[in-house]
Amino acid sequence: MSREVAERCLDRLRGRAEAAEVFLLVRESLPLEWEAGKLKKARSEATSGLALRVLKGGRVGFCATTDLGRAEEAAEKALELASLSDLYRGEWPEQAPSPEAQGFYDPEVASLTPQRMADTGEELLEPIRRVHPKVQAFGGVAREVEEVWLLNSRGFEGHYLASSFGLWGGGELVEGDNMLSAYDGWERRNLGDPEGEARRLGKKVAGMIERGRTNVPFRGGKMKVLLSPRALAHLLRPLVAALDGKAVEKGLSPWKDLLGKKVASSGLTLIDDGLYPFGPASSPFDGEGIPSRRNVLLDRGVLASFYHDLHTARSLGMEPTGNGLRGLFSPPRPAPRNLLLEGGEKNSKALLASLEEGLLIEQLMGAWAGNPYSGEVSGNVSLGLYVRGGEIQGRVKNTVLSINAFEAFREQLAGLSSDREWVGSSLLPYALFESVPLSARG
């Protein structure tokens with residue numbers, strides 16, 4: 001039925017616009033969520049909708065609806081809105097990518113029962129609950145399956161199924177004036193061993209809470225800092241923003257004129273891969289129909305590529321990279337797929353053991369770059385562990401990290417771990433930085 005609606009919309013628009021496109025999404029999800037150690041939410045959710053883009057007079061009109069009965073009305077609205085947009089330089093594809101590409105859908109995720117999900121969640125929370133009777137454990141287990149159709153008036157017809165499975169958990173503990181919170185989690189497109197991984201994740205979070213219960217005095221200063229993958233993600237954001245084709249087109253990226261130049265440490269290689277097997281953001285094509293692919297963005301510190309949608313690629317005279325991502329109610333724009341930061345030779349335990357004095361930062365809070373293109377990142381160290389002689393001494397409180405991401409990755413990067421973890425759709429190692437300024441209050 002949805003497919004028939006899409007074809008009717010295209011027929012309605014033929015001859016009234018230079019090109020038309022229909023994006024169809026059907027999504028079914030089941031999230032289970034625990035609060036204060038108890039299961040609080042277990043409700044199946046379904047979403048379906050249609051989004052239309054029309055190219056008229058060199059400008060794109062966009063409209064979306066979750067009511068397929070109003071699809072033709074949405075098509076008329078898209079035509080009306082085209083005159084209000086900026087000039088569009090992209091050219092929509094004619095041919096869909098080969099259907100042989102795999103690594104997006106796991107039928108075991110689709111067949112996962114609510115009872116097994118509930119049991120997996122209990123496996124996750126049990127180690128966290130055992131840390132202390134007052135620990136307030138929270139977490140979630142979620143599965144999702146979505147079907148995507150993309151059709152346009154130039155003859156493109158693409159379709160795929162994708163699955164998603166996620167685990168996350170944490171705990172909060174208040175002991176006197178010591179308030180502690182720790183969490184972790186991940187998602188991907190295949191099921192794997194959910195029970196075993198839930199136990200490992202629960203033990204990891206429990207260990208973070210246990211180590212954070214002992215506070216140690218800290219005066220701040222410049223020292224070596226080992227960032228966990230979750231903390232490292234905050235520092236990576238300005239680099240990702242600088243690699244955005246839209247920022248390059250608008251002249252905002254500080255790297256806009258540095259293609260082929262060295263911009264970071266030789267130890268830094270960053271890859272964008274839309275075909276990574278069962279990666280959280282993997283799919284056979286992007287939101288405009290461009291085949292997904294592997295893009296090397298930074299090659300041993302050298303700026304090798306930006307990521308683009310069709311518009312920015314053509315505007316800058318470059319190839320599209322398969323990074324035109326979209327939501328049902330948002331048109332395509334450049335965005336990274338699976339970001340893979342290559343690791344080093346030593347694992348995270350060895351990097352920690354090498355610290356004569358420093359800080360292991362597990363979690364940052366409020367770390368953001370007001371202007372990401374400046375590279376300035378500042379945030380509270382919500383879970384930071386003081387290290388001396390390679391051994392964790394305890395947690396530091398009231399500490400703030402302030403650092404320039406561009407300078408840090410260019411001049412202060414001292415090592416990356418061989419082990420990596422998913423943080424959202426980024427696969428990241430632990431990262432060791434030298435001479436990082438840390439300020440302590442009170």
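This is a predicted model: local features need pLDDT of at least 70, side-chain atom pairs count only at pLDDT 80 or more; totals for chains, interfaces and linings use all residues.
The residues in question are Met 117, Ala 118, Thr 120, Gly 121, Leu 124, Leu 125, Pro 127 and Ile 128. The helix itself runs over residues 114–129, 16 residues in total, and spans 22 Å between its first and last C-alpha, close to the 22 Å expected at 1.5 Å a residue.

Attention turns next to the aromatic side chains. The count of aromatic pairs comes to eight. One of them joins Phe 156 and Phe 285 in an edge-to-face arrangement, with 5.7 Å from centre to centre and 85° between the planes. This pair bridges distant parts of the chain: Phe 156 lies in the loop between β5 and β6, while Phe 285 lies in the loop between β9 (270–273) and β10 (294–299), 129 residues apart. Phe 156 has a relative accessible area of 2% and is therefore buried. Phe 285 is likewise counted as buried, because its relative accessibility is 4%. Ring pairs also bring in Tyr 160, so that Phe 156, Tyr 160 and Phe 285 form a cluster.

Phe 409 and Phe 433 make up another edge-to-face pair, at 5.4 Å centre to centre and with 80° between the planes. Here too, distant parts of the chain are linked, since Phe 409 belongs to helix α10 (residues 405–412) and Phe 433 to strand β20 (residues 426–440), 24 residues apart. Both Phe 409 and Phe 433 are buried.

A ring also takes part in a pairing with a charge. The charged end of Arg 326 sits over the ring of Phe 23, at 4.4 Å from the ring centre. The strand β12 covers residues 324–327 and pairs with strand β13 (residues 330–334) in the antiparallel sense, over three bridges. A hairpin connects β12 to β13 by way of two residues, and Gly 324 stands opposite Pro 334 in β13.

Cys 9 is in no disulfide, and the nearest cysteine sulfur, that of Cys 63, is 10 Å away. Cys 9 counts as buried because its relative accessibility is 0%. Cys 63 is also in no disulfide, with the sulfur of Cys 9 as its nearest, 10 Å away. With a relative accessibility of 16%, Cys 63 counts as buried, because the limit for that class is under 20% relative accessible area.

Finally, Ile 392 is found in strand β17 (residues 391–396). Its relative accessibility is 26%, so Ile 392 counts as partly exposed. Apart from neighbours within four places in sequence, Ile 392 is in contact with Arg 211, Leu 352, Leu 360, Leu 385, Tyr 386 and Val 387. The C-alpha atom of Ile 392 is separated by 13 Å from that of Leu 351, a residue 41 residues apart from Ile 392 along the chain.

Conventions. Residues are numbered from 1 along each chain as its sequence is written. Side-chain values use heavy atoms; hydrogens and water are left out. Helices (H or I, at least four residues) and strands (E, at least two) are DSSP runs, numbered from the N terminus. The expected span of a helix is 1.5 Å times one less than its number of residues. Buried means under 20% relative accessible area, exposed over 50%, partly exposed in between (1.4 Å probe, protein chains only). Rings of Phe, Tyr and Trp (its six-membered ring) pair if their centres lie within 6.5 Å; planes under 30 degrees apart count as stacked, over 60 as edge-to-face and the rest as tilted. A charge sits over a ring if NZ of Lys or CZ of Arg is within 6 Å of the ring centre and within 35 degrees of the ring normal. Two strands pair if DSSP finds at least two bridges between them. A disulfide is a pair of cysteine sulfur atoms within 2.5 Å. Contact means heavy atoms within 4.5 Å.
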